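I opened this notebook page to record what I looked up in the structure.

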Amino acid sequence: MAIPDKIKVHKPDINRYGATEIRCIKNHFYVYEISSKWDAQKHRPKKVTGKCIGKITEKDGFIPNANHFRMYETISPVIRTYGVFEMFEQLGKGVSDRLKEVFPDIYREVKTVALLRLVYGCTPRLMKRCFEDSYLVDLYPDIGTCDKTVRNLVSMLGTDREAEMGRYMKMFVSDQSTVLIDGTSLFTRNSDSYARKGYNPEHSQEKQIRLLYLFDSGSHAPVFYRMVPGNIADKAAMADTIKLSGIKSCTVIGDKGFYSKKNVSFLMEKKLNYILPLQRNTKLIREEFETAPDMERWDGQFVFKGRVVWHHKEPCGNAGNYLYIFRDDAKKAKEELKTAQRIEDSQGGGGADMFSDRRKGIFAFVSNRDEEAKKIYLAYKERWDIEQCFDYLKNSVDIGVSSQRSNESMLGWTFINHVSLLYFYSLVLAIRKSGMDSEWTPNEIIMIAKNIYKIYTAGVLNKDKYIISEVPKKDEELFNALGVDLLRN
């Protein structure tokens, strides 16, 4: 029998009694506790019915059992972290909607774990505690977040849902997109096939996995990744990663150690675009660019963040490559000041040859993109946003991945972390769109939002009756500028 609406309106408050369900037995309506448990055979959560805690009548509403009534009378107010989750709920709507489309049966669980990882960086063991202290329990009161349930969810993602994970990532990729590609090492104690000793910038000999990430060049948001064994060089996995993503236009932006004739030949063979910075001692920069300024040697100038940058472009070799040379005098002065300070600190004074490096402030790239020099310069600067992503991945949401013992768990956690990054970048893009990226960092705003709570006072049976902790006027204006209305509920 369907539960009448006049009975449903009296369903008890989840903040006092947790998740509940109304059942009709012999024309009487009883309220039962419900919870969620992982079904290992069906690979999905299943509902578990608990004790009867009371009944509902149209005249008297919800009437709790005696034991529950006494508990209700003495319970303290409930305070839950609200602002930060509501902020990501609004900014990351596209992330959530696509999760629901690809994972209709478990999207709430994936979203919840990803957001808890993003906000708290918590391990599976602490997930339930963080969940129950958060506003997410109001949104999804029936899902399970205990240690075992979370680990089973993650392992199932890596075992049975690899195709869906790939389809989800491709939803953020456009055929017309131009993306940047970069890789990072994640050290691990995993004993399975992905964990291998290999090259990394830290020169560590520990086992690692490599993550190759593709970033949209317009938004700088991460759109696709691929996990490969730690002993596989990035260049060997690039072509397959790009092919799997379905992306048609890709630019490889390497670091200063990537440029070599062998690597350039590989990129040309795979028909990939590239921008590769040169080492300062490269022989491709002619001596005339190192001597006293002569503006006739340069093609022109542009302004970047209040600094004048001189530029020159010329063909490089006979394979369609170009050499782009830049000079930033403000950067040169900064480097000279650092050198002077270092000499003074170490030797107690200056030196006659302290500025002998004539290439201070000069840097160059080799690229097969025939573009205006400014476009090449700005494209390389986008790499800093990629570095920000990797720093956040390693320092904030990667807690616990290194301890995973199976490929399946690592695949699952890597996807969860990717979803966390997508929510994180929804905030990054909102900050950039509002023009406040020079004033605020994402982590600062997350910290402010974490201190905004929903408070359910004792004695309230209606879940829609609560108060939101006071938000200072300047913080309210900050969130409004980001397009977030924390009072909309």
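In which loop is the place of K26? I found K26 in the loop between strand 1 (20–25) and strand 2; strands are DSSP runs of E of at least two residues, helices are runs of H or I of at least four, and both are numbered from the N terminus.

**Basis.** I note that this is a predicted model, in which local features need pLDDT of at least 70 and side-chain atom pairs count only at pLDDT 80 or more, while totals for chains, interfaces and linings use all residues. Residues are numbered from 1 along each chain as its sequence is written, and side-chain values use heavy atoms, with hydrogens and water left out.

**Positive phi.** Most residues other than glycine have a negative phi. I recorded a positive phi of about 50° for K26, which is not a glycine. K26 is exposed, at a relative accessible area of 76%; exposed means over 50%, buried under 20%, and partly exposed in between (1.4 Å probe, protein chains only). I also looked up K305, not a glycine either, and its phi is positive at about 50°. K305 is in the loop between strand 12 (300–304) and strand 13 (307–316), and counts as exposed at 71% relative accessibility.

**Whole chain.** I noted 18 helices and 17 strands in the protein chain. Of its 489 residues, 50% are buried.

**Helices 6 and 7.** The axes of helix 6 (residues 107–120) and helix 7 (residues 124–132) come within 10 Å and cross at roughly 90°; axes are lines fitted to C-alpha atoms, for helices over the stretch in contact, and angles run from 0 to 180 degrees between N-to-C directions. Contact (heavy atoms within 4.5 Å) is made by T112, V113, L116, R117 and Y120 of helix 6 with M127, C130 and F131 of helix 7.

**Helices 5 and 16.** I found helix 5 (residues 93–102) packed with helix 16 (residues 407–434) at an angle of about 145°, their axes 8 Å apart. On the helix 5 side, V95, S96 and L99 meet F415, V419, L422 and Y423 of helix 16.

**Helix 9.** Which residues of helix 9 are buried? I listed T149, V150, L153, V154, M156, L157 and G158. Their cover includes strand 2 (28–39), helix 6, helix 7, helix 10 (162–170) and helix 16.
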